[in-house]
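Subject: Structure for you to look at

Hello,

Here is the structure I said I would pass on. Please open it first; my notes follow below.

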Amino acid sequence: LAPLAVLLVAALLYFQKRWEALLLVVGLGGAVLWVHLAKAILARPRPALVEPVIALPADGSFPSAHTTQIVAFALCVILIVRRIGPEWQFTAMAVAALLIAVVAASRLYLQVHYPSDVLGGLLLGIGWIALARKIL
């Protein structure tokens, strides 16, 4: 998501959409910081129920960083679309929901997270973007 976010921020700044660019930087950047802080503090072991499909990452399991980050990014994009082109709001929400579902499902399919890790990532992403929106 980082390269896509950088391109989007550059485009928003080019079109003088400073609040929108700031929302994306604070929203995604803050989500990355919060999720890795939570992982370091909680240090929950990764699932080891069956033979893993892929090599397990070395960091903690809870919350899911992938889920947190896609939720934060998607919600920021939805908020930006609502301000810039409200006629595209429904499309943005549908695409965002699909992306979030695919990423969340992939975390479970690859057996690198428990369902509660994915739910925790979802809630952390929603909570952080709600707070960031209030702050900005």
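Helix α3 (residues 65-84) and helix α4 pack at an angle of about 180°, with 9 Å between their axes. Helices here are DSSP runs of H or I, at least four residues long, numbered from the N terminus; axes are lines fitted to C-alpha atoms over the stretch in contact, and angles run from 0 to 180 degrees between N-to-C directions. The angle makes α3 roughly antiparallel to α4 (the term applies over 145 degrees). On the α3 side the contact, meaning heavy atoms within 4.5 Å, is made by His66, Thr67, Ile70, Val71, Ala74, Ile78, Val81 and Arg82. α4 contributes Gln89, Ala92, Met93, Ala96, Leu99, Ile100, Val103, Ala104 and Arg107. These residues divide into 12 nonpolar, three polar and two charged; Ala, Val, Leu, Ile, Met, Phe, Trp, Tyr, Cys and Pro count as nonpolar, Asp, Glu, Lys and Arg as charged, and the others, Gly among them, as polar.

The model is predicted: local features need pLDDT of at least 70 and side-chain atom pairs pLDDT 80 or more, while totals for chains, interfaces and linings use all residues. Residues are numbered from 1 along each chain as its sequence is written, and side-chain values use heavy atoms, with hydrogens and water left out.

α3 has 20 residues and reaches 28 Å from its first C-alpha to its last, close to the 28 Å expected at 1.5 Å a residue (1.5 Å times one less than the number of residues). Of its 20 residues, 14 are buried, so α3 is largely enclosed by the rest of the structure. Buried means under 20% relative accessible area, with a 1.4 Å probe and protein chains only.

Ala104 lies in α4, which covers residues 89-109, and counts as buried because its relative accessibility is 15%. Beyond its neighbours within four places in sequence, Ala104 is in contact with Thr67 and Val118.

Ser61 sits in the loop between α2 and α3. With 0% relative accessibility, Ser61 counts as buried. Leaving out residues up to four places away in sequence, Ser61 touches Lys39, Arg44, Pro45, Arg46, Pro47, Val112, His113, Tyr114 and Asp117.

The other helix pair is α1 (residues 2-14) and α2 (residues 18-42), which pack at about 160° with axes 8 Å apart. α1 and α2 are therefore roughly antiparallel to each other. Their contact is made by Ala5, Leu8, Val9, Leu12 and Leu13 of α1 and Arg18, Glu20, Ala21, Leu24, Val25 and Leu28 of α2. It divides into nine nonpolar residues, no polar and two charged.

Regards

How values were computed:
Helices (H or I, at least four residues) and strands (E, at least two) are DSSP runs, numbered from the N terminus. Angles under 35 degrees count as roughly parallel, over 145 as roughly antiparallel, 65 to 115 as roughly perpendicular and the rest as oblique. Buried means under 20% relative accessible area, exposed over 50%, partly exposed in between (1.4 Å probe, protein chains only).
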